[in-house]
Amino acid sequence: MANMDLIKKLRGMTQAGVMDAKKALEENDDDLDKAAQWLREKGIVKAAKKASAVATEGVVKVLIEGDKALIIEINSQTDFVAMGNSFIELSNEITQAIFKANVNTLDEGLKAKTKSGMTVEDACTELTARIGEKTAVRRFEVVNKKSDEVFAHYVHNNNKIGVLLVMTSGSKESIGHDVAMHAAAMNPKFLDQSQVDQEWLVNETKILKEQTIAEGKPVDKAEMIVKGRVKKMLAEVCLLDQPFFKEPSKSIGDFLKVNSSVVAKYIRYEVGEGIEKKTNDFAAEVAAQMKQN
C-alpha cells in the first residue's frame with residue numbers, strides 16, 4: 001500500500017487526485033517515475049490540470065419515466081465541445097446512469113455507473129483527458145411525483161435552459177408545456193411568494209430602501225415607497241404572479257385557475273447561471289506568449 005509521503009510527492013509532480021495517485025503507486029510498486037508515467041498514459045495528469053478550469057457551457061437535460069423525473073446540468077468549457085458527438089454521447093450516458101441509480105446528492109451521482117462500467121466521475125475525467133477540455137456534472141435533481149400528479153417540462157432547442165414542473169393530475173399536456181415554456185423564457189426565481197427565500201428578500205429590500213433614499217425621497221415616506229417596490233418586485237420574480245406571455249392580461253396563476261390546474265413544484269436550470277464567466281483578453285494573451293518565446 002502506497003504511503004502518504006509518496007502520494008504527496010506524486011501529487012506534486014502530476015497534480016493528480018489522492019485516489020488516482022494512490023492507485024498509480026500501487027500499480028507501479030511505489031516507483032514515482034513509473035507511477036507518473038502511468039498517470040500520463042491514462043490521461044489523468046492532463047485531466048487534473050483542467051480540474052480548476054471554469055466550465056460555463058454545456059447542456060441541460062430532462063428525463064421522465066413513470067413517476068420519476070430528473071433534471072441535470074452537465075458542463076463543458078466551450079459551446080463547441082458541448083455540440084460535439086463525444087460530449088453529447090457522454091451527457092446522454094450520464095443522464096441515464098444517474099436516473100437509474102438510487103441517488104439524490106451530487107457526490108452519490110458521481111459514483112453512479114455508466115454503461116461503459118466507469119463511474120460518472122471517471123467518465124468525465126476520461127473525456128476531459130481525451131479532448132483537453134473540462135467536462136463535469138454541475139448539479140441535478142431527482143423528483144418523484146404522486147399518483148395524482150403529472151410531470152410537465154420544456155427544454156429549449158439549444159439545450160441551455162430546462163424547466164421541470166409537477167402539476168395536478170388532469171392538467172392538459174398543452175397547459176403544462178405553455179407554463180414550462182413561459183418559465184424558461186421569463187426566468188422566475190420562485191414558484192410563488194410563499195416559497196421566496198427570506199434571506200434573499202431581506203437583502204433585496206435593503207437594496208431597494210438604499211436606492212429610494214439615494215433618490216432623495218423623504219425618509220418618512222421611504223418605507224411606504226419601498227413596500228410598493230417590493231410588491232412589484234415579487235410579482236416579477238414569482239412564476240404564478242407573472243403575466244402569462246400568451247395572454248398578458250392574465251397572470252400565470254389566473255391561467256392555471258381557469259384551466260383547473262395547480263403547479264406543485266417548479267425547477268428551472270440554465271447552463272452556467274451563477275458562474276462568473278471568464279472573459280479572454282486575447283491581446284494580453286498574445287503579448288504574454290511573445291514574452292515567453
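In what order do the 3 strands of the open sheet lie?

**View 1. The open sheet of the predicted model.** The strands follow the order β4-β5-β6, and their pairing is antiparallel; two strands pair if DSSP finds at least two bridges between them. Strands (E, at least two residues) and helices (H or I, at least four) are DSSP runs, numbered from the N terminus. At the edges lie β4 (149–155) and β6 (263–270), each of which pairs on one side only. From one strand to the next, the twist averages 10 degrees.

**View 2. Strands β5 and β6.** The antiparallel strands β5 (residues 161–168) and β6 are joined by 7 bridges. Opposite Val163 stands Arg268 in β6.

**View 3. Helix α9 on the sheet.** Helix α9 (residues 173–186) lies across β4, β5 and β6 and runs at about 140 degrees to β5. Angles run from 0 to 180 degrees between N-to-C directions, and axes are lines fitted to C-alpha atoms, for helices over the stretch in contact (heavy atoms within 4.5 Å).

**View 4. Helices α10 and α11.** The axes of α10 (residues 198–214) and α11 (residues 219–237) come within 9 Å and cross at roughly 130 degrees. Residues in the contact include Trp200 and Leu208 of α10 and Val226 and Met233 of α11.

**Notes.** Residues are numbered from 1 along each chain as its sequence is written. In this predicted model, local features need pLDDT of at least 70, side-chain atom pairs count only at pLDDT 80 or more, totals for chains, interfaces and linings use all residues, and side-chain values use heavy atoms, with hydrogens and water left out.
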